[in-house]
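Colleague: I have a model open and would like to learn how to read it. Where do we start?

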Amino acid sequence: MSRAFTKEDEPERDNAVADVQFREAKVDWLHIQEKKLDKLLNDPNSKKIKPEILERWIRDTKADIEKTKQELGYDK
């Protein structure tokens, strides 16, 4: 392909767009996990789940929230 039809800054622009999309997806994931944790802790239906399973889900969800916050730089 001829260089006449490509912009030299396209790779940088594409990388920047990909970075923004990745960060937006991480923020969305964080919100989902926070809602999930709230449901696990406060929803009366969560009392129907076996206690050991509920504890594991809460622990895993909290760990995922902390990991995602660190990846987003929220805990700096």
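Modeller: With a definition. A nonpolar core is a set of buried Ala, Val, Leu, Ile, Met, Phe, Trp, Tyr and Cys residues joined through side-chain atoms within 4.5 Å. Buried means under 20% relative accessible area. Keep in mind that this is a predicted model.

Colleague: Which residues make up the largest nonpolar core?

Modeller: The general idea comes first. In soluble globular proteins, nonpolar side chains tend to be buried together. Here the largest nonpolar core has 7 residues: Leu30, Leu37, Leu40, Leu54, Ile58, Ile65 and Leu72. Helix 1 and helix 2 are the elements that give two or more residues to this core. Helix 2 gives the most, with 4 residues.

Colleague: How many residues does helix 2 have, and what should they span?

Modeller: Helix 2 covers residues 51-72, which is 22 residues. At 1.5 Å a residue they should span 32 Å. The end C-alpha atoms are 31 Å apart, so the two values agree. Helix 1 (10-42) can be read likewise. Helix 1 has 33 residues and reaches 48 Å from its first C-alpha to its last, close to the expected 48 Å.

Colleague: Which residues of helix 2 are buried?

Modeller: Think about the helical turn. An α-helix has 3.6 residues a turn, so residues three or four places apart point the same way. In helix 2, the buried residues are Leu54, Ile58, Thr61, Asp64, Ile65, Thr68 and Leu72. Seen down the helix 2 axis, they fall within an arc of 130 degrees, so they line one face. The face turned away from that buried side carries the exposed residues Glu52, Glu55 and Gln70.

Colleague: What covers the buried residues of helix 2?

Modeller: The cover includes helix 1. Now look from the other side. In helix 1, Lys26, Leu30, Gln33, Leu37 and Leu40 are buried. The buried residues of helix 1 pack against helix 2.

Colleague: Why does Thr61 count as buried?

Modeller: Compare its accessibility with the cut-off. Thr61 is at 2% relative accessibility, so it counts as buried. Leaving aside neighbours within four places in sequence, Thr61 is in contact with Gln33, Lys36, Leu37 and Leu40.

Colleague: And Leu72, what does that residue touch?

Modeller: Not counting residues up to four places away in sequence, Leu72 touches Arg23, Lys26, Val27 and Leu30.

Colleague: Which residue just after helix 2 takes a positive phi?

Modeller: Gly73, with a phi of about 80 degrees.

Key. Residues numbered from 1 in each chain as written. Predicted model: local features only at pLDDT ≥ 70, side-chain atom pairs only at ≥ 80, totals over all residues. Heavy atoms only, no water. Expected span 1.5 Å × (residues − 1). Buried < 20%, exposed > 50% of the residue type's maximum accessible area, 1.4 Å probe, protein only. Arc of directions from axis to C-beta. Contact = heavy atoms within 4.5 Å.
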